Amino acid sequence: DYKTALKYYNKVLKGHPDDYTAIKNCVLLSRKQKNMKLEKKYLQMLIEHGSETEKLAAQGRLKKLSD
């Protein structure tokens, strides 16, 4: 259940806004739900808190969503 999973990951992010696993899973869940607005939100978080490789991938995905 994607909606429930997002709810719990958001609870994790309230306490630990830099939790990479929660952010990455939120990106994947919002992509599965085809919710581009939500995916963009979590991609921004991934850019702030991810590794260099993840940052580049997230920036590329954001650019693709914006086109």
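**View 1. Helix α1 passes helix α3 in a left-handed crossing.** This is a predicted model. Helix α1 covers residues 2–15. The axes of α1 and α3 come within 14 Å and cross at roughly 30°. Angles under 35 degrees count as roughly parallel, and α1 and α3 are therefore roughly parallel to each other. On the α1 side, the contact is made by L6, N10 and L13. On the α3 side, L38, Y42 and M45 take part. By class, the residues of this contact of α1 with α3 are five nonpolar, one polar and no charged.

**View 2. Helices α1 and α2 pack at an angle of about 155°.** The axes of α1 and α2 lie 10 Å apart. From α1 come Y2, A5, L6, Y9, V12 and L13. They meet A22, I23, N25, C26, L29 and K32 in α2. The contact of α1 with α2 has 10 nonpolar residues, one polar and one charged.

**View 3. The axes of helices α2 and α3 come within 8 Å.** Helix α2 spans residues 20–32, and helix α3 spans residues 36–49. Their axes cross at roughly 155°. Angles over 145 degrees count as roughly antiparallel, so α2 is roughly antiparallel to α3. The crossing of α2 past α3 is left-handed. Helix α2 brings Y20, I23, K24, C26, V27, S30 and R31 to the contact. Helix α3 brings L38, E39, Y42, L43, M45, L46 and H49. Sorted by class, the residues where α2 meets α3 are nine nonpolar, two polar and three charged.

**View 4. The charged end of K7 sits over the ring of Y8.** How far is the charged end of K7 from the centre of the Y8 ring? The distance is 5.7 Å. What about rings paired with rings? The structure holds zero aromatic pairs.

Notes. Residues numbered from 1 in each chain as written. Predicted model: local features only at pLDDT ≥ 70, side-chain atom pairs only at ≥ 80, totals over all residues. Heavy atoms only, no water. Axes fitted to C-alpha atoms, helices over the stretch in contact; angles between N-to-C directions. Helix = DSSP H or I, 4+ residues; strand = E, 2+ residues; numbered from the N terminus. Parallel < 35°, antiparallel > 145°, perpendicular 65-115°, else oblique. Left-handed = near helix turned anticlockwise from the far one by under 90°. Contact = heavy atoms within 4.5 Å. Nonpolar A, V, L, I, M, F, W, Y, C, P; charged D, E, K, R; others polar. Phe/Tyr/Trp six-rings, centres within 6.5 Å; stacked < 30°, edge-to-face > 60°. Lys NZ or Arg CZ within 6 Å of the ring centre and 35° of its normal.
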